Amino acid sequence: MAKRYWLMKSEEEVYSIRDMENDGVTCWEGVRNYEARNLMRDEMKKGDWVLFYHSNATPPGVAGVVEVSKEAYPDYFAFVTKSKYFDSKSDPDNPRWFMVDVTFKEAFSEVVSLNEIKASPKLKDMVLVKRARLSVQPVTKEEFDAIRKMGKEKK
DNA sequence: GCCAACGTTGGC
DNA sequence: GCCAACGTTGGC
């Protein structure tokens, strides 16, 4: 099965590419949207590459690359009453929410901003540009390669 | 901080 | 099953 490509959003203040680099590996907890969950649970495979996107940032944009290192398993934060991700409707015997683990690959020296992405003819059809509020989304190989190249070319 | 987009909830 | 109210995302 060929590698697939994704984009995942994280609020920069909450968890940035620097945090990701420091941690090396992290679990991607807190996805509470069914479409995003389905992608993580059913489609994401170990070895897939992911664009790490800073939302609520100045500027918002892709900050680096991570790799899926563990496929979907129950998001146990949903069972922790005190967690901000607690969801009483997620039953440990029949979990509603899932997460994956991702491993740090690279940080761009500067983010590839949403403005640059919107301005690029080959990137203007990205899910990121077309749709609001989807924190886990598919990216084509062409889109992934183009953004990674833009990231590497920053000095 | 504002607010548009839009997913979810719950009354009926 | 409809849809208004509500809550959240996320750019600006």
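**Exercise 1. In which helix is the place of Arg148, and is Arg148 buried or exposed?**

*Solution.* The structure is a predicted model.
Step 1: locate the residue. Arg148 belongs to helix 5, which covers residues 141-152.
Step 2: apply the accessibility cut-off. A residue is buried when its relative accessible area is under 20%. Arg148 has a relative accessibility of 18% and therefore counts as buried.
Step 3: list the contacts. Leaving aside residues up to four places away in sequence, Arg148 touches Trp49, Val65, Glu106 and Phe108.

**Exercise 2. Describe the span of helix 5 and the packing of its buried residues.**

*Solution.* 
Step 1: compare the spans. Helix 5 contains 12 residues, and the distance from its first C-alpha to its last is 16 Å, close to the 16 Å expected at 1.5 Å a residue.
Step 2: identify the buried positions. These are Glu143, Phe144, Ala146, Ile147, Arg148 and Gly151.
Step 3: consider helix geometry. An α-helix has 3.6 residues a turn, so residues three or four places apart point the same way.

**Exercise 3. Characterise the largest pocket by volume and lining.**

*Solution.* 
Step 1: state the volume. The largest pocket holds about 660 Å³ of space.
Step 2: examine the lining. It comprises 20 residues, and Lys9, Ser10, Gly30, Tyr85 and Ser135 lie nearest the centre.
Step 3: assign the elements. Strand 1 and strand 2 (25-27) each supply at least two lining residues; strand 1 gives the most, with 3.
Step 4: sort by class. The lining has 7 nonpolar, 7 polar and 6 charged residues.

**Exercise 4. Which residues surround DNA strand B?**

*Solution.* 
Step 1: name the residues. DNA strand B is surrounded by Asn33, Tyr34, Lys89, Arg131, Ala132 and Arg133.
Step 2: sort by class. The residues of this surface divide into 2 nonpolar, 1 polar and 3 charged.
Step 3: inspect the DNA side. Of the atoms of DNA strand B within 4 Å of the protein, 63% belong to sugar or phosphate, and the rest to bases.

Methods
Residues are numbered from 1 along each chain as its sequence is written. Chains are lettered from A and ligands numbered from 1 in the order in which they are written. This is a predicted model: local features need pLDDT of at least 70, side-chain atom pairs count only at pLDDT 80 or more; totals for chains, interfaces and linings use all residues. Side-chain values use heavy atoms; hydrogens and water are left out. Helices (H or I, at least four residues) and strands (E, at least two) are DSSP runs, numbered from the N terminus. The expected span of a helix is 1.5 Å times one less than its number of residues. Buried means under 20% relative accessible area, exposed over 50%, partly exposed in between (1.4 Å probe, protein chains only). Contact means heavy atoms within 4.5 Å. On a 1 Å grid over the protein atoms alone, a cavity is a set of points where a 1.4 Å probe fits but cannot get out, and a pocket is an open set with protein on both sides within 12 Å along at least five of seven lines; lining residues have an atom within 4 Å of a point. Grid points are joined across faces, edges and corners, and a volume is the space filled by probe spheres set on the points. Ala, Val, Leu, Ile, Met, Phe, Trp, Tyr, Cys and Pro count as nonpolar, Asp, Glu, Lys and Arg as charged, and the others, Gly among them, as polar. A residue is near a molecule or strand if one of its heavy atoms lies within 4 Å of it.
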